[in-house]
Amino acid sequence: RVGPYRFAGKVVKGFQRGSKQLGWPTANLDPAAFEKQLDASTEGVYIGWASIADPTLPEEARAVHKAILSIGWNPQFENKERTVEAYITHDFQGRDFYDAQMNLLVCAFIRPQAKFESFQHLIDAITADVEFGRNALDTPELVELRADGLFGAAA
Ligand code: ADP
Ligand code: MG
């Protein structure tokens, strides 16, 4: 368990390096929403709850969903820029929601960041993280956090 940390900010564009094609799109949070809050050493894979407040999305899409998050330094920016990105366990039917407001509640740490030998190893690791995260978020201690005030009426 950590925090929980509460973040709210816009969904921004990342590198679009194919995470969608790999099956695990990650909604990247606007750095302005976390850079003052997060300790410089915070990195890793976390699980928590997320909602996307976009009035043009169907109601079920705007609900609070399980999320698997990566917090880490981006080598592309010479490790100067950190990203907070979330795979949300909901099928958005191919719809993007860039610029929408994302609420993120970071609840538990699951593993440190790692370098992988190949793309396939990375995909396998994320697949395992998502499966683990879905189950872990069903435990009463973490289910309880879903009702956090961060989500307002969406919870
Ligand atoms: P980027 O590099 O711009 O973050 P990604 O390939 O990681 O691109 O795709 C992320 C985008 O896909 C999100 O910003 C969002 O608009 C969309 N998206 C669709 N479904 C999901 C989902 N289940 N979880 C996260 N993002 C999703
Ligand atoms: Mg992304």
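Predicted model: local features only at pLDDT ≥ 70, side-chain atom pairs only at ≥ 80, totals over all residues.
Reader: Where is D99 found?
Author: In the loop between β5 and β6.

Reader: Which residue besides that has a positive phi although it is not a glycine?
Author: Q93, with a phi of about 55 degrees. Q93 also lies in the loop between β5 and β6.

Reader: And Q93, buried or exposed?
Author: Exposed, with 8 other C-beta atoms within 10 Å.

Reader: Different topic. Which residues does a cis peptide bond join?
Author: G3 and P4, with omega at about 5 degrees. P4 sits in the segment before β1.

Reader: What does the secondary structure come to?
Author: The protein chain has 2 helices and 6 strands. Along the sequence the pattern reads β-β-β-β-β-β-α-α.

Reader: How compact is the protein chain?
Author: It is as compact as a globular protein of that length, because its radius of gyration is 15 Å, close to the 15 Å that the globule rule gives for 155 residues. The C-alpha atoms fill a box of roughly 40 × 30 × 30 Å along the principal axes.

Reader: How much of the chain is buried?
Author: Buried residues make up 28% of the 155.

Reader: What about the contacts, how many join residues at least 24 apart?
Author: 69% of the contacts in the protein chain between residues at least 6 apart in sequence.

Reader: Now the largest nonpolar core. Which members touch the most others?
Author: A67, L69, A86 and L104, out of 30 residues in that core. At least two core residues come from each of β1 (5-12), β2 (27-29), β3 (44-53), β4 (65-74), β5 (81-88), β6 (101-111) and α2 (140-145). The largest share is from β3, with 6 residues.

Reader: Take A86. What does it touch?
Author: Leaving out residues up to four places away in sequence, A86 touches T26, A27, A50, A67, L69 and L104.

Reader: Last one, ligand 1. Which residues come nearest?
Author: G14, S19, P25, I88 and D96, of the 18 residues around ligand 1. β2 and β5 each supply at least two residues of that shell.

Reader: What is the shell like by class?
Author: The shell around ligand 1 has 9 nonpolar, 6 polar and 3 charged residues.

Key: Residues numbered from 1 in each chain as written. Chains lettered and ligands numbered in written order. Core = buried A, V, L, I, M, F, W, Y, C linked by C-beta atoms within 7 Å. Buried ≥ 20, exposed ≤ 12 C-beta atoms within 10 Å, placed from the backbone. Helix = DSSP H or I, 4+ residues; strand = E, 2+ residues; numbered from the N terminus. Contact = placed C-beta atoms within 7 Å. Near = placed C-beta within 6 Å. Nonpolar A, V, L, I, M, F, W, Y, C, P; charged D, E, K, R; others polar. Rg over C-alpha atoms; globule rule 2.2 N^0.38 Å.
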